[in-house]
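This note sets out a colleague's remarks on the structure shown below.

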Amino acid sequence: MTLVGATPTKWRQSLKLNGYIDKQRFVIQEKTQLNLKGHCVLISKAISKGIGSELRSKITTPPTAQARYAAIFKNNLLEWKDIYKLPFRGALDRKSREFQYKLLNRYLVKKVLLKKMGKTMSSACSFCGIEDESLE
C-alpha cells in the first residue's frame, strides 16, 4: 500500500484506464540485491548482522579525544585500533583499566579544571610545580 500511495495519481489513473496486465510475476526477494562489503547479496540471503555492520561502518566517527591527541602528536603515526585494545591485552586490574579509559578519552581531572571549580588554589603540576598540570 505504501508503494501505491507513493505512485503519482496520474500514473495510477493511467494504469486503471489502460488495464495493466501482470505478464511476469515479480518477487522482490528474488530480484533485489544489496551491496554488502563489496559483494552483491540477494535481499533474501542478507543477514541483519551484516546489514547493521555495513550501516554502522558508514557513520562511524572517531572520538573527539582522538582528534585532540592527533593534533598534539601530529608528527607521530598513532595506530588507534591497537591503542584502544591496550586495556584488554594485559592482566590489568579494574582500576588500571579505568585509568587507561579516562586517559584515552581525556577524562582525567587535572588541576587546571579543579582551579576553575574552586577546589584548589593552584593549577601547578604536583610533581614539578612549574608548569600547569595537563595530560601531556
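**Notes on the predicted model**

1. The largest pocket holds about 150 Å³ of space. This value, like the others in this note, comes from a predicted model. The pocket is lined by Tyr 69, Phe 73, Leu 78, Trp 80, Ile 83, Leu 103, Leu 104, Leu 135 and Glu 136.

2. Eight of the lining residues are nonpolar, none is polar and one is charged. Glu 136 belongs to the lining and, as a glutamate, counts as charged. Rolling a probe the size of a water molecule over the atoms shows where empty space is left.

3. As to the overall fold, the protein chain contains eight helices and two strands. Read from the N terminus, the order of the elements is α-α-α-β-β-α-α-α-α-α. Of the 136 residues in the protein chain, 12% are buried.

4. Helix α5 (residues 64-72) has three buried residues, namely Ala 65, Gln 66 and Tyr 69. They lie on the same side of α5, because they cover an arc of only 100° around the axis. Thr 64 and Ala 67, on the other side of α5, are exposed.

5. How many salt bridges does the structure hold? There are two. In one, the side chains of Arg 94 and Glu 98 meet, with an N to O distance of 3.3 Å. Both residues lie in helix α7, four residues apart, which is about one turn of the helix. Arg 94 is exposed, at 58% relative accessibility, whereas Glu 98 is partly exposed, at 30%.

6. Glu 98 also forms a salt bridge with Lys 102, where the closest N and O atoms are 3.4 Å apart. Lys 102 and Glu 98 are separated by about one helical turn, because they are four residues apart in helix α7. Through shared partners, the salt bridges join Arg 94, Glu 98 and Lys 102 into one network. Lys 102 has a relative accessibility of 26% and therefore counts as partly exposed. Side chains of opposite charge can pair when their charged atoms come close.

7. The cysteines call for a separate point. The count of disulfides is zero. Cys 40, at 58% relative accessibility, counts as exposed.

8. Two residues in the loop between α7 and α8 may be read together. Arg 106 is found in this loop, with α8 spanning 111-117. The phi angle of Arg 106 is near 55°, a positive value in a residue other than glycine. Arg 106 counts as buried, at 18% relative accessibility, the limit for buried being under 20%. Val 109 lies in the loop between α7 and α8 too, but Val 109 is exposed, with a relative accessible area of 52%.

9. At 26% relative accessibility, Thr 32 counts as partly exposed. The C-alpha atoms of Thr 32 and Ser 44 are separated by 8.4 Å, and the two residues are twelve apart along the chain.

Note on methods: Residues numbered from 1 in each chain as written. Predicted model: local features only at pLDDT ≥ 70, side-chain atom pairs only at ≥ 80, totals over all residues. Heavy atoms only, no water. 1 Å grid on protein atoms, 1.4 Å probe; cavity = no way out; pocket = protein on both sides within 12 Å on 5 of 7 lines; lining within 4 Å. Points joined across faces, edges and corners; volume = space filled by probe spheres on them. Disulfide = S-S within 2.5 Å. Buried < 20%, exposed > 50% of the residue type's maximum accessible area, 1.4 Å probe, protein only. Salt bridge = Lys/Arg side-chain N within 4 Å of Asp/Glu carboxyl O. Arc of directions from axis to C-beta.
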